[in-house]
Amino acid sequence: MDTTPHTKTRLAPTRIAPETFLIHDHHGEGTDPVSVALNTMVIRAAEPVVVDTGMMENREQYLDDVFSLVEPEDVRWVFISHDDVDHTGNVNALMAAAPNATLVIDWFMQERMGASLDVAPSRWRWLRDGDALDVGDRTLHLVRPPIFDSPTTRGLFDPTTEVYWASDAFASPMATPVHRVADLELVPWLEGIHTFAQYVSPWLELVDPARFQRAVDRIEALAPTVIAGCHTPVIDRGYVGDAIAATRSAPWATVAPQPDQSVLDAIQHALAEAA
């Protein structure tokens, strides 16, 4: 096992559609043995929107990237897709830096976050799956993805650019950090979608097949030309159909088991040897 420290790869924000940018972060450099994306997004609408807030450990770079695209005082909306730490890690810092922003969450999200959410209720807006958000020059639609690990999850679809923010869905590990799935090998990428789906949503083994397909149908009916998400490189037009098809078959795919105690034993042994 390689225990040598590695410099973290820096990926600059990617323009994925007009006035729409993916903010990149990731865990791992291909030595863990894979990298997992930890992305967020900025929509420079008439009323600019920040989508999710990344990991606290990457706060300085995250805020630099966001504010390289939009001035802090111009941020009008901060949309949180769900309350996991990789989506909320910088919410308090971002809201403090963006005095005119309203935080788009829902009732259950603020209940689950509890005292960790340090944003005044006067700056909240509660929206759920099926609701819409008027951001001045367009209306964004909240559409829950078919794969999720939190009951508060809502995706976000922009009909102006046809970009869908999928939160934790359509996700796959990367061999090394890349901007787009076009930079990955096709078969490992599709197999990664199966694996990530089953790890994130272990309830898939319980789903009724027809009802699950209807959940995927909702996303396909949006006809997104780009899918972005926390844990995937950009899924451009030519790959959207593949991502949807892989998600349809995810509940019944055969995937590698999650690491067990023997893997932890090996990690602990390597750390002890390196000490």
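1. Seven strands, in the order β1-β2-β5-β6-β7-β8-β9, make up an open sheet with mixed pairing. Two strands count as paired if DSSP finds at least two bridges between them. Helices (H or I, at least four residues) and strands (E, at least two) are DSSP runs, numbered from the N terminus. β1 (14-17) and β9 (124-126) stand at the edges with a single partner strand each, so one side of each is left without a neighbour in the sheet. From one strand to the next, the twist averages 25°; axes are lines fitted to C-alpha atoms, for helices over the stretch in contact, and angles run from 0 to 180 degrees between N-to-C directions.

2. Basis of the description. This is a predicted model, in which local features need pLDDT of at least 70 and side-chain atom pairs count only at pLDDT 80 or more, whereas totals for chains, interfaces and linings use all residues. Residues are numbered from 1 along each chain as its sequence is written, and side-chain values use heavy atoms, with hydrogens and water left out.

3. A parallel pair within the first sheet. Strands of a sheet pair through backbone hydrogen bonds, either parallel or antiparallel. Strand β7 (residues 77-79) and strand β8 (residues 102-105) run parallel and are joined by 3 bridges. W77 has T102 of β8 as its bridge partner.

4. Helix α1 (residues 59-67) lies across β2 (20-23), β5 (40-43) and β6 (49-51), and runs at about 170° to β2. Contact here means heavy atoms within 4.5 Å. Which residues of α1 are buried? They are Y62, L63, D65 and V66. These residues cover an arc of only 160° around the axis, which puts them on the same side of α1; the arc is that of the directions from the helix axis to the C-beta atoms. The buried residues of α1 pack against β2, β5, β6 and α3 (91-97). Buried means under 20% relative accessible area, exposed over 50%, and partly exposed in between (1.4 Å probe, protein chains only).

5. The structure holds 10 salt bridges, a salt bridge being a side-chain nitrogen of Lys or Arg within 4 Å of a carboxyl oxygen of Asp or Glu. In one of them, the side chains of D25 and K8 meet at 2.5 Å, N to O. The pair links distant parts of the chain, 17 residues apart: D25 is in the loop between β2 and β3 (26-27), and K8 is in the segment before β1. D25 is buried, with a relative accessible area of 9%, while K8, at 42% relative accessibility, counts as partly exposed.

6. D129 and R218. The closest N and O atoms of the salt bridge between D129 and R218 are 3.1 Å apart. Because D129 lies in the loop between β9 and β10 (132-134) and R218 in helix α6 (residues 209-222), the pair ties together parts that are 89 residues apart in sequence. D129 is partly exposed, its relative accessible area being 30%. R218 also counts as partly exposed, at 35% relative accessibility.

7. D158 and R138. Are these two residues buried or exposed? Both D158 and R138 are buried. They form a salt bridge whose closest N and O atoms are 2.8 Å apart. D158 lies in strand β12 (residues 155-158) and R138 in the loop between β10 and β11 (139-143), so the pair ties together parts that are 20 residues apart in sequence. A network of salt bridges links D137, R138 and D158.

8. Six strands form an open sheet with mixed pairing, in the order β10-β11-β12-β13-β14-β15. Its edge strands, β10 and β15 (232-235), each pair on one side only. The twist averages 20° from one strand to the next. β10 and β11 pair in the antiparallel sense over 3 bridges, and L133 has L140 of β11 as its bridge partner.

9. Helix α6 lies across β11, β12 and β13 (163-165), running at about 160° to β11. Helix α7 (residues 237-249) packs on the sheet as well, touching β14 (226-229) and β15, and its direction makes about 120° with that of β15.

10. The β14-β15 hairpin. β14 and β15 form a hairpin with 2 residues between them. These strands run antiparallel and are joined by 2 bridges; G229 stands opposite T232 in β15.
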